[in-house]
Amino acid sequence: MLSSLAIALSCLLLVSPNASAAPNLVPAAGQSIPLIRRAQPERTVADWEVWAKNEREVLTAKYGGDMEKRSTGTNLLTNQNADSSYFGTVAIGTPPVAFNVILDTGSSDLWVAGQGCTTGCSKVQLFDDLSSSTFHNLSEPFEIQYGSSAATGTLGQDIVQMAGFSVPNQVFGAVTQVTSGLLNSPVSGLLGLAWQSIATSKAVPFWQTLASSGAWTDPVMAFQLTRFVNGSSVNDAEPGGSFTMGFVNSSLYTGSIDYQSIPTTPSYWILPMTSLTVQGSSVTIPSGSSSYSAIDTGTTLVGGPSSAIQNIFAQIPGSQAGTGNWQGYWTYPCSTAVNVAISFGGPSWSISPADFQLTKISSSQCVGAFFELNTSGSAPSWIVGDTFLKNVYSVFRYNPAAVGFAALSNTALAMNGVNAAPPSATIGSVSASATAGTGGGSNGASHRWGVPWAPLVGGIFVAIGAAWM
């Protein structure tokens, strides 16, 4: 018995005048079949990005390659005390606890105030080793000096996180004594971003572990720093810009990045200063190794050889050498807008007159942000700090070792003096990790730059490698 479906189909064939046998799918000899190309929907840039990523991953898997697990991260900064220093956030331990730390390309150790800190660490977050299940006490002494200031304690190992990156066995100092004024609340310590060769702990720095292991998409870290020094009603903490790892933020600079190679075995981030102009006139500066300059985010001002600093102020009518606590500094008429530009072998980079002016000491006299510095040992002759770095987008490249500068974009410039809340401390999720190299302790103290620093001057906090004068 036929099913109802078969009966219905039979009836349809009988009554339909257009019904015919199934078509012949084999074309006659010499017959052509037109091919019709379907219109593709227009792809956006985002669509192409997704396609390209998938294509690369599929082919890599197909032909037995290994996918690189690399990443990028951003740490928002806080501008402290009107451009005196800039700090970001790291997280230490299990469970992770956030700590505010000065980001310092002029040193190489990570240290924070420990739970047992008795001097110079009031009102700051303290690291409690007993509360971290992953902490390992190395039982080795740690001491680092910043001129006349110092931090002492012991070395330990623990998980350290920042901007989505993690190093599980990072060596750091848990300090128990800090010279008064070295830590300024809410800052608990310092993250050194220079090379291992100058680390007091002998440990591989956090950034260098990530860069050398390929955890970063690109082997670079970069800074954009804000300016509030010329603002009115400036708070102790303001938005400070950003620190990125593994990439450069193209929205924060314009044009190309001019990279200059480090001329020595990496230690500090050193570049030779090749020219310096004041009010458009060239100033005589030392050459050769005497022109070496440490590019230092942990220093507020610019220090250089006495002869060069004197030549700078010789171009400014009415300048006078400072005395007393201002010895080594120079005063000049506040009515003078001082325009300084520096080159490190590439373009000449201008410094805003607002950054050249450190402070007013009378209704008519101001103090300049360039001061006389006499270093010793292997320390470079110039220390180029935030007075300069606020005026450029700065990039520190691991391989090949170089420092790059670019002009700030309008987006970056708009952040200067912005009326907004500073970023809060964050821990962030871990997107990449790397294993730190082993590092031994040091029984000796590291003496940064080899120069004595003056005490607090006129109530102005000036960071010199995280030491405030």
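Select Asp 296 to begin; in this predicted model, Asp 296 lies in the loop between strand 15 (292–295) and strand 16 (302–304). Is Asp 296 buried or exposed? Asp 296 is buried, and its relative accessible area is 0%. The side chains of Asp 296 and Thr 299 are joined by a polar contact of 2.7 Å.

Which residue of strand 14 is the bridge partner of Thr 277? Selecting Ser 282 shows that partner of Thr 277.

For the other sheet, select strands 17, 18, 22 and 21. These four strands form an open sheet in the order 17-18-22-21, and the pairing is antiparallel. At the edges stand strand 17 (320–321) and strand 21 (357–360); each has a single partner strand, so one side of each is left without a neighbour in the sheet. Strand 18 (residues 330–333) and strand 22 (residues 365–368) are paired in the antiparallel sense over three bridges. Select Thr 331 and look across to strand 22, where Val 367 stands opposite.

The remaining stops concern aromatic rings. A pair of such rings is described by the distance of the centres and the angle of the planes. The count for the model comes to 24 aromatic pairs. One of them is formed by Phe 344 and Phe 405, a tilted pair with 5.7 Å centre to centre and 45 degrees between the planes. Why does this pair tie together parts that are 61 residues apart in sequence? Phe 344 lies in the loop between strand 19 (340–343) and strand 20 (348–351), whereas Phe 405 lies in strand 26 (residues 402–408), so the pair links those separate parts. Phe 344 and Phe 405 are both buried.

Now select Trp 195, Trp 207, Trp 216, Phe 223, Phe 243, Trp 269, Phe 396 and Tyr 398 together; ring pairs link these residues into a cluster.

For the last stop, select Arg 397 and Tyr 259. The charged end of Arg 397 sits over the ring of Tyr 259, at 4.3 Å from the centre of that ring.

Notes: Residues are numbered from 1 along each chain as its sequence is written. This is a predicted model: local features need pLDDT of at least 70, side-chain atom pairs count only at pLDDT 80 or more; totals for chains, interfaces and linings use all residues. Side-chain values use heavy atoms; hydrogens and water are left out. Rings of Phe, Tyr and Trp (its six-membered ring) pair if their centres lie within 6.5 Å; planes under 30 degrees apart count as stacked, over 60 as edge-to-face and the rest as tilted. Helices (H or I, at least four residues) and strands (E, at least two) are DSSP runs, numbered from the N terminus. Buried means under 20% relative accessible area, exposed over 50%, partly exposed in between (1.4 Å probe, protein chains only). A charge sits over a ring if NZ of Lys or CZ of Arg is within 6 Å of the ring centre and within 35 degrees of the ring normal. A polar contact is a pair of N or O atoms within 3.5 Å; within protein, one must be able to donate a hydrogen and the other to accept it, and residues adjacent in sequence count only if both atoms are side-chain atoms. Two strands pair if DSSP finds at least two bridges between them.
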